[in-house]
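This report covers strand pairing and aromatic contacts. The sequence and structure come next.

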Amino acid sequence: MGKVVMYSSVSVDGFVADENDQPGPLFDWLSSGDVPLDESGEVKVSQTSYDYTRPYWDQIGVTIAGRHVFDLTDGWDGKPPGGIDHVVVVTHRPQPEGWDPEAPFHFVDGVEAAVAKAQELAGDRMVEVAAGDVGGQVLAAGLVDEVRMDVVPVVFGSGKRYFGSVDAQHLLEDPDMVIRGNRVLHLRYRVRR
């Protein structure tokens with residue numbers, strides 16, 4: 001079974017979006033270089049960021065996201081982002097009316113069920129959990145193996161927190177990877193068990 005990784009780009013003060021759900025400059029690092037990160041040619045990063053990010057992206061089999069993110073993105077038009085095979089959506093509501101039942105999206109009630117479904121679909125590949133409220137719930141449930149952050153040099157002051165509404169202490173190991181890219185610091189922490 002693949003590991004479960006909580007991930008997002010994040011401001012220095014710990015936000016994944018502003019109060020209006022806008023990422024502001026959090027994704028600017030994805031256009032700050034000259035090395036294409038995907039086939040679109042639109043996402044270009046420094047060689048250092050490519051060497052860190054591409055192998056990570058290639059390991060992801062399933063992404064878990066909340067219904068809020070799903071709705072904000074219009075369900076990525078039924079195509080999982082970044083070439084991911086499947087998306088598991090944590091929601092208490094049914095799938096949208098008229099949703100294509102063949103699209104590789106799975107609507108699940110609760111984070112434990114979401115992780116179980118994602119691990120089943122991912123096999124030996126990695127399960128990525130979007131940071132924010134759902135990511136924080138998965139961490140609080142003790143189901144996250146690793147936390148990855150792309151820290152961007154901006155201070156939001158307020159907004160949507162990386163760990164959502166987690167209100168208990170969770171210890172992480174010392175970072176085992178710290179990589180400086182253009183306008184981003186890539187960090188990886190294992191969750192202490």
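Strand β8 (residues 126-130) is mostly covered, with 4 of its 5 residues buried. Buried means under 20% relative accessible area, exposed over 50% and partly exposed in between (1.4 Å probe, protein chains only). Strands (E, at least two residues) and helices (H or I, at least four) are DSSP runs, numbered from the N terminus. This is a predicted model, in which local features need pLDDT of at least 70 and side-chain atom pairs count only at pLDDT 80 or more, while totals for chains, interfaces and linings use all residues. Residues are numbered from 1 along each chain as its sequence is written, and side-chain values use heavy atoms, with hydrogens and water left out.

Two strands pair if DSSP finds at least two bridges between them. Strand β1 (residues 4-11) runs parallel to β8 and is joined to β8 by 4 bridges; Tyr7 has Ala130 in β8 as its bridge partner. Strand β5 (residues 60-66) also pairs with β8 in the parallel sense, over 4 bridges, and Ile64 stands opposite Val129.

## Aromatic pairs

Rings of Phe, Tyr and Trp (its six-membered ring) pair if their centres lie within 6.5 Å; planes under 30 degrees apart count as stacked, over 60 as edge-to-face and the rest as tilted. The count by this rule is 8 aromatic pairs. Phe70 and Trp99 have ring centres 5.1 Å apart and planes at 70°, so this pair is edge-to-face. Phe70 lies in helix α2 (residues 67-72) and Trp99 in the loop between β6 (86-90) and β7 (105-108), 29 residues apart. Phe70 and Trp99 are buried.

Trp99 also forms an edge-to-face pair with Phe105, at 5.2 Å centre to centre and 85° between the planes. Phe105 is buried, with a relative accessible area of 6%. Phe70, Trp76, Trp99, Phe105 and Phe107 form one aromatic cluster.
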